[in-house]
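Try each task before you read its solution.

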Amino acid sequence: MRASAGVVFLFALSLSACATRTEPPASASIPSAEVRKTADWAFEYSDVPVDPGFRFGKLANGMRYVMRKNARPEGTAIVRMEIEAGSLDEAESERGFAHFVEHMAFNGSTNVPEGEMVRLLERDGLAFGADTNASTGFEGTTYKLDLPRNDAKLLDTALMLMRETVSELTISPEAVNRERGVVMAEMRDRQGHAYRESLDSTAFLYPGSLYAQRFPIGVSETVGTATADGLRAFWKREYVPRHTVLAVIGDFDPAQVEAAIVKRFADWRGPPAEAQPDAGPVDAKDGGRTDIHLDPALPERVMASRNGAWLDEPDSIAQRQEELLRSIGYAIVNRRLERLSRSSRPPFRGAGFGTADVFLTARSTRLIVDTVDGKWRASLTAAALEYRRALRFGFTKGEIAEQVATLRTAARNGAAAADTRVNAALAGAVWALIREDTVPAHPAGVLERFEAFAPRITPKAVLAALKREAVVLDNPLLRFRGRVAPEGGELAIRAAWDEAMKEKLRRGDDAAAALFGYTDFGPPGTVASDTREPLLGIRTVRFANGVMLNLKRTGIEADRVSLSMSVDGGAMLNTRDNPLATELVPYLDNGGLGKHSLDQLQSILAGRNIDVGLSAADDVFVSLARTTPADLELQLQVLTAFLTDPGYRPEGEVQYLNSINNYFKTLGSSPLSAMRGKIGAILSDHDPRFSLGEVGDYRKLRFAKLKADIADRLANGAIEIGVVGDIDEDQVIALVGKTLGALPRRESVFREHSDQPPRSFTADRGARVVRHTGPKDQALLRFTWPTRDDGDPMETITLELLERVVRIELTDSLREALGKAYSPSAASVPSRAWKGYGTFGIAASVDVADVEETRAAVLDTVRRTGNEPIADDVFLRARQPLLENYHNALKSNAGWLGLVDRAQSEPDRIERFQKASERALALTPAHVQAMAKRYLDPARAVEITVLPEDASPADAAAVAAPAG
């Protein structure tokens, strides 16, 4: 249950603010505002060469479009439409309207009746949510279609729907009233501690700004009273040609695409585009204020921030050089902070320093520190001193070299893989152009310019660039958030910061990078067998020591290699007497190696394409990596080193303890987290292998115990490696022979683990109530049935089709008809490791007042699915996206790896994949209905209702008292 590192989110947050500099680069030439205002695209006034693979156009009505022919994945395409109108465009009485209109795009237009848009796409193989989606932000609304095929008819359908969205929506009063419940349900689902924290933080940092008052989800006062006329007025005002950009990227002839766009959109007319309001104002002189935000679900964090005026920095080669220098400076500061957080006695859980734009109105520099509860003062001091030290003494040549190596590798990787970029990556470049005015440059040019500039990347230049951008944290805005107010309150927080600013500084130590200490694992292993399986041409090799290697050369991604290593063990090592045997496995990499700490490894491996980490699946330990042919040998050396000499260093234990303490303190803070904390015990009759234990049991865990529990498996367990991508098969065999193949002899097959008692499903079908401490209007319904393992491929596919049918039916009933739930879910999970075990689950997040009505609707849907014929159209809408998934599965290295990784120990997966489409096509609605009747008896479900802790019994009238 490894909690996500807070520092990851923290860095993302710190990089959504901006900065200042005292003077621009001498070579910068900033085009006039008039030039930029009249240009259609940023590359028209930039000296950054645009990637010639893109084709840009503009219709007479002002609508712009982008096209690119691309065959990754082959035979597919993506269609994206950006409306440059979001929540910032709303009037006070329209808060939430941009998002509401996005919903209405799926609810009826001139040529597509209400409810038919999603169904139309499902019949063509696009799954709702996965392939058909939309999102609303502060500045824009995006509509997304992923086309599973490159046929002209499907493209025409996609463009027709986009045209319907911009000019033909009906927005009828009846449809608005039906959809209102869905929008309110989505709003309710988001009202958790993270959203409250975001609202409070934004209001504190940018008081009086439009941004702080225009979160895209809106407010109940305006969403709850929105009328069809009001929504239609917003739509007509904002959905205009000049606000619209359409992108089609994929396996189509651009001339064909352009002709189709012109045909669909050339006659579209609309009112003149209105300028988007400024997101501010943001006062650059604002400082000295302190805020405390308390929430029992939030771990402790302290933030220091200062705002400044927005910097007008159009994209240019000179500006990119400036941004490169400053990015290196921030990376080094954050690397230092990360090093502190990884020590055996870390002063904080994580910290980050960064500067970024606040739209086009301001910039903000932030130092954010995630602390152990109650330790905020020492944490803030340590981070503040590191921040001061960087700005006072600058950086070392070694630190610069580490970051330059990382950037050079990224640039080289981009150039090497330029011709095999996937559709989504190319769309990302287009969206950076649309939203940020960043020119989409060809990766080869990026590498060339980087190498030309690299000699000018010096410690002095980096520090100067950082200082030109970062707003000095002088008398900053200070904000504390956590579960318990700090002793001394706001005055104590301010005093702690002031003291840290006055403390005497000394230069830090320059940590020298060592050489990797694991390059010799003994004489290379010999190959005992070398064959090729006939169905997919996967090469299967077995070394004399028992290690299995499976290979597949693909041309999908140039200069990329995907790798998976499976080692016998996994969660099967957890027993009733020792249920936490593998709990610390995800933290093994935090303990480093015998010769290197994790922090030292990061410096040693800088500039190399190396992944580290191990996770525990049901019956194996798994390590996944993406590397390059040039770095494959080092990647294999690192994996082998973690098997033969894991460090088990105490700093890894500290990372785990901080994480687990926070996990338990947050447990129950939302309906979902409360349910997750209880469902394992409920479904297993409190089998300790599948139940969340007491926090004290987790706090006692140490690496010494982990070593005792897993060392035998790491040393002796069967190993199987899958390698896929741009490889020379014989070279890979030789490299594995020098690393994993050179180890002492190991078990040659994965164990059956027959000594483990079977995994059982509770016989107690009584209803349960679980309590949460989140918002008082939030409830969660969960229904779970036992099914079977995945031993029978036909039944596994039938259960998957049943999952899709039930999801469609639930969406039609709970979301579309009743408006009670935003995103009801259904999932079939047949186990591969636990014989005879599998589950089918349904979940819906609803208002507390709607629990009984929702429960009745879910059970009615399940009852009808098993007792009444499934409509042919529903069956088609469920099956077609599944068939498209099968058809496109091997168009990515990840798809191939899913079959290659266990090609020797689980060869049946290859045959199952080969016949999956044939088996799915052989199924009928009657087969799926029979499966529902067999497993989904409403009376046999385990029902869990998650309610607020103080909800009265009347709030769950149909739910029995908690079991046990």
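**Exercise 1.** In which sense do strand S20 (residues 778-786) and S23 pair, and over how many bridges?

*Solution.* Keep in mind that this is a predicted model. Start with S20: this strand and S23 pair in the antiparallel sense, over five bridges. Next, turn to strand S19 (residues 768-772), which pairs with S23 in the parallel sense over five bridges. Here Val-770 stands opposite Val-946 in S23. Finally, check the cover of S23 (residues 942-948): seven of its seven residues are buried.

**Exercise 2.** Work out how helix H3 (residues 97-104) and helix H9 (residues 228-238) are arranged.

*Solution.* First take the axes, which come within 10 Å and cross at roughly 95°. Angles of 65 to 115 degrees count as roughly perpendicular, and H3 and H9 are therefore roughly perpendicular to each other. Then list the residues that meet: Phe-97, Ala-98, Phe-100, Val-101 and Met-104 from H3, with Gly-230, Leu-231, Phe-234 and Trp-235 from H9. Sorting the residues of this contact gives eight nonpolar, one polar and no charged.

**Exercise 3.** Is Arg-713 buried or exposed?

*Solution.* Begin by placing Arg-713 in helix H23 (residues 703-716). Its relative accessible area is 3%, and buried means under 20%, so Arg-713 is buried. Now look for its partners, leaving aside neighbours within four places in sequence: Arg-713 is in contact with residues including Asp-568, Phe-621, Arg-746 and Glu-747.

Key: Residues numbered from 1 in each chain as written. Predicted model: local features only at pLDDT ≥ 70, side-chain atom pairs only at ≥ 80, totals over all residues. Heavy atoms only, no water. Helix = DSSP H or I, 4+ residues; strand = E, 2+ residues; numbered from the N terminus. Buried < 20%, exposed > 50% of the residue type's maximum accessible area, 1.4 Å probe, protein only. Contact = heavy atoms within 4.5 Å. Axes fitted to C-alpha atoms, helices over the stretch in contact; angles between N-to-C directions. Parallel < 35°, antiparallel > 145°, perpendicular 65-115°, else oblique. Nonpolar A, V, L, I, M, F, W, Y, C, P; charged D, E, K, R; others polar. Pairing = 2+ DSSP bridges.
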